[in-house]
Amino acid sequence: MTGPPAPRLPPVPDAGGRVLGAGLDLVHVPGLADQLAVAGSVFAQRAFTPRERREAARRARQCGSRPAEHLAARWAAKEAFVKAWSAALHGSPPVMGHVAWHEIEIVSDPWHRPGIALHGEAARAFAESVGRARIHVSLSHDGPMAAAQAIVEAA
């Protein structure tokens with residue numbers, strides 16, 4: 001039995017961009033929490049900006065969760081971005097030998113949509129190696145796992 005045809009949606013306009021690279025990463029939240037809890041460890045300061053640490057703490061208070069869940073999603077986003085950036089280079093050497101992780105900052109807009117802000121050497125190296133490009137990122141966490149996807153798109 002068939003019913004009426006499904007309504008057709010209008011086509012999405014072509015924005016002209018093309019995917020240069022995509023990356024996906026998965027992080028074990030308890031493992032990251034253990035790393036953050038090591039006495040004297042500077043991992044959090046090397047990996048995350050003060051704004052990222054404040055945002056993770058704020059989101060944890062709002063959601064009734066732990067900051068490690070939000071930091072794990074941000075760490076996954078940084079890793080996913082580096083994978084997408086490396087994929088965009090089509091066979092060139094990996095990009096992170098000299099770029100500090102805190103120079104890749106996961107930011108949120110007023111509606112909590114994630115984005116990436118590049119600073120310092122990371123911003124320079126990205127612009128030099130990829131040129132003008134848009135970075136899309138999506139974060140998620142559930143239970144013991146956090147995940148993120150990043151896409152580098154030609155501008």
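Analyst: Strands (E, at least two residues) and helices (H or I, at least four) are DSSP runs, numbered from the N terminus. This is a predicted model, in which local features need pLDDT of at least 70, side-chain atom pairs count only at pLDDT 80 or more, and totals for chains, interfaces and linings use all residues. Residues are numbered from 1 along each chain as its sequence is written, and side-chain values use heavy atoms, with hydrogens and water left out.

User: In which sense do strand 2 and strand 3 pair?

Analyst: Two strands pair if DSSP finds at least two bridges between them. Here strand 2 (residues 104-108) and strand 3 (residues 114-118) are antiparallel, with five bridges. Five residues lie between the strands of this hairpin, and His112 takes a positive phi near 70°.

User: Which residues touch the most other members of the largest nonpolar core?

Analyst: A nonpolar core is a set of buried Ala, Val, Leu, Ile, Met, Phe, Trp, Tyr and Cys residues joined through side-chain atoms within 4.5 Å. Buried means under 20% relative accessible area, exposed over 50%, and partly exposed in between (1.4 Å probe, protein chains only). The largest core has 37 residues, and Phe81, Val130 and Val152 touch the most other members. Helix 4 provides the largest share of this core, 13 residues.

User: What does Phe81 touch?

Analyst: Contact means heavy atoms within 4.5 Å. Leaving aside residues up to four places away in sequence, Phe81 touches residues including Ile104, Leu118 and Val152.
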